[in-house]
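Colleague: I'd like to learn how to read a model like this one, feature by feature. Could you walk me through it?

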Amino acid sequence: MTDKETIAVYEDQAARYADLPISAMQKAALDRFLSMLPPSAAILDAGCGPGVHAAVMVSAGFDVHGIDPTEAFVTDALSRGVNARLGTFDDISGTDIYDGIYASFSLLHASLDDLPRHLDAMALALKPSGALFIGMKTGTGEERDKIGRRYSYVTEGQMRDLLEARGLTVAHVETGEEAGLSGEVAPFFLMHARGPDA
């Protein structure tokens, strides 16, 4: 995600965003993701934000690497004990690196045209049988929310097709609605997938 207006919103609203609670549904999804991994697994938190979720992973004994294009978020994540650095989805490279990749409401800021290649990079970076988590707002097209963040929407079925085309198998999906930073209530899905065996 390199949209300058979206990054500027997060830089300005970093403290407010960090104070947003992890909902019970999101916590359950995080727990499910971690249960799919071996002890001390290497995890990439792609779009780690202020590191709230990543800090939970670190405290559970996982080897977490966070990337985010928002400098204030990286600073916050580092203060929470997360190994975080400035980076975008374009910085995901290599093969068989991570046991798990966690992308919680971050891919939705990438353009729809870029989404397939970002998923290609994630699929390659996953170790055999690795776990992938994606949280996305549900819909179609692209637009900005009322505070200026760019959103790209896909349906649950479209994301399932994208993952299966890359050899991943969807293991679990939850859907719901919540209000985020802008206060707007929006539908979303939380999707867990597993990569192919070696």
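Modeller: Let's start with the aromatic rings: Phe33, Tyr102 and Phe133 are linked into a cluster by ring pairs. Keep in mind that this is a predicted model, where local features need pLDDT of at least 70, side-chain atom pairs count only at pLDDT 80 or more, and totals for chains, interfaces and linings use all residues. Residues are numbered from 1 along each chain as its sequence is written, and side-chain values use heavy atoms, with hydrogens and water left out.

Colleague: How do I read a ring pair, and how many aromatic pairs does the search find?

Modeller: In general, you describe a pair of aromatic rings by the distance of the centres and the angle of the planes. Here, rings of Phe, Tyr and Trp (its six-membered ring) pair if their centres lie within 6.5 Å; planes under 30 degrees apart count as stacked, over 60 as edge-to-face and the rest as tilted. Searching the whole structure gives 4 aromatic pairs. Take Tyr102 and Phe133: their ring centres are 4.9 Å apart and their planes sit at 20°, so this pair is stacked. Tyr102 belongs to strand 4 and Phe133 to strand 5 (residues 126-137), so the pair ties together parts 31 residues apart in sequence. Helices (H or I, at least four residues) and strands (E, at least two) are DSSP runs, numbered from the N terminus.

Colleague: Are Tyr102 and Phe133 buried or exposed?

Modeller: Buried means under 20% relative accessible area, exposed over 50%, and partly exposed in between (1.4 Å probe, protein chains only). Tyr102 is buried, with a relative accessible area of 1%, and Phe133 is buried at 1% too. For a tilted case, look at Tyr151 and Tyr153, whose centres are 6.0 Å apart with planes at 40°. Both Tyr151 and Tyr153 are buried.

Colleague: Which residues of helix 3 are buried?

Modeller: The general idea first: an α-helix has 3.6 residues a turn, so residues three or four places apart point the same way. In helix 3 (residues 24-35), the buried ones are Gln26, Ala29, Leu30, Phe33 and Leu34. They cover an arc of only 135° around the axis (taken from the directions from the helix axis to the C-beta atoms), which puts them on the same side of helix 3. The face turned away from that buried side carries the exposed residues Ala24 and Ser35.

Colleague: And salt bridges, how many are there?

Modeller: You look for a side-chain nitrogen of Lys or Arg within 4 Å of a carboxyl oxygen of Asp or Glu. The whole structure has 6 salt bridges. In one of them, Asp90 meets Arg117, with the closest N and O atoms 2.5 Å apart. Asp90 lies in the loop between strand 3 and strand 4 (98-104) and Arg117 in helix 6 (residues 115-125), so the pair ties together parts 27 residues apart in sequence. A network of salt bridges links Asp90, Asp114 and Arg117.

Colleague: What does Asp120 pair with?

Modeller: Asp120 forms a salt bridge with Arg166, the closest N and O atoms being 2.6 Å apart. That one links distant parts of the chain: Asp120 is in helix 6, while Arg166 is in the loop between helix 7 (156-164) and strand 8 (169-179), 46 residues apart. For a local case, Arg160 and Glu156 form a salt bridge with a closest N and O separation of 3.6 Å. Both lie in helix 7, 4 residues apart, about one turn of the helix.

Key: The expected span of a helix is 1.5 Å times one less than its number of residues.
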